[in-house]
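Please walk through this model from its overall layout down to the ligand shell. Cut-offs are given where each term comes up.

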Amino acid sequence: MAIYLAPWRTYLEKALHKNRSQTFSRYFQLATVNNQGYPTNRTVVFRGFLTDSNSLKIITDIRSEKFAHLQNNPQAEICWYFAKTREQFRIRGKIDLITEVDKI
Ligand SMILES: Cc1cc2nc3c(=O)[nH]c(=O)nc-3n(C[C@H](O)[C@H](O)[C@H](O)COP(=O)(O)O)c2cc1C
């Protein structure tokens, strides 16, 4: 069965393709909200889309601060700049935490 493609995904996939020669084009900034309600930001690597979904995949350590933030508040925003095509994407949404335990 074909999956629904989010409208922004076509633009993002085009940007990824056009910027593929620059390895750093797969890095973006991920902002979460800490337990005091302040934004916290860091760079992460785009690991592709989750199968049959429009969700962006990120890999992190369960002991990281961002993991604790997301357990408390799943709201996040990413900011992704593609230097070659000079495009910026900002995508906001809830992040689902998937651990090894969930996969078993
Ligand atoms: C280029 C670059 C790529 C990175 N990619 C990741 C990543 O994919 N996942 C990750 O957890 N941290 C990544 N990091 C490290 C994070 O930026 C951050 O320092 C670390 O995850 C701890 O963040 P936290 O304490 O806010 O959770 C990357 C850092 C750099 C500079």
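What follows goes from chain to sheet, then to helix and ligand.

This is a predicted model: local features need pLDDT of at least 70, side-chain atom pairs count only at pLDDT 80 or more, and totals for chains, interfaces and linings use all residues. Residues are numbered from 1 along each chain as its sequence is written.

The protein chain holds three helices and four strands. Both are DSSP runs, numbered from the N terminus: helices are H or I with at least four residues, strands are E with at least two. From the N terminus on, the order is α-β-β-α-β-β-α. The C-alpha trace spans about 35 × 35 × 20 Å along its principal axes. Of the 104 residues, 10% count as buried. Buried means 20 or more other C-beta atoms within 10 Å of the residue's own; exposed means 12 or fewer, partly exposed lies in between, and C-beta atoms are placed from the backbone.

Now the sheet. Four strands form an open sheet in the order S2-S1-S3-S4, with antiparallel pairing. Strands S2 (39-45) and S4 (87-94) are at the edges with a single partner strand each, so one side of each is left without a neighbour in the sheet. Two strands pair if DSSP finds at least two bridges between them. S1 and S2 pair over seven bridges. S1 (residues 27-33) and S3 (residues 75-82) pair over three bridges. Alanine 31 has asparagine 41 as its bridge partner in S2, and glutamate 77 in S3. The hairpin of S1 and S2 has five residues between the strands, and there glycine 37 takes a positive phi near 90 degrees.

Which side chains of S1 are buried? In a regular strand the side chains alternate between the two faces of the sheet. In S1, Phe28, Leu30 and Thr32 point to one face and are buried.

Last, the ligand. The shell around the ligand has 13 residues, among which Arg42, Thr60, Ser64, Glu65 and Lys66 come nearest. A residue is near a molecule or strand if its C-beta atom, placed from the backbone, lies within 6 Å of it. S2 gives the largest share, five residues. S2 and H2 each supply at least two. By class, the shell has five nonpolar, four polar and four charged residues. Nonpolar covers Ala, Val, Leu, Ile, Met, Phe, Trp, Tyr, Cys and Pro; charged covers Asp, Glu, Lys and Arg; the others, Gly among them, are polar.
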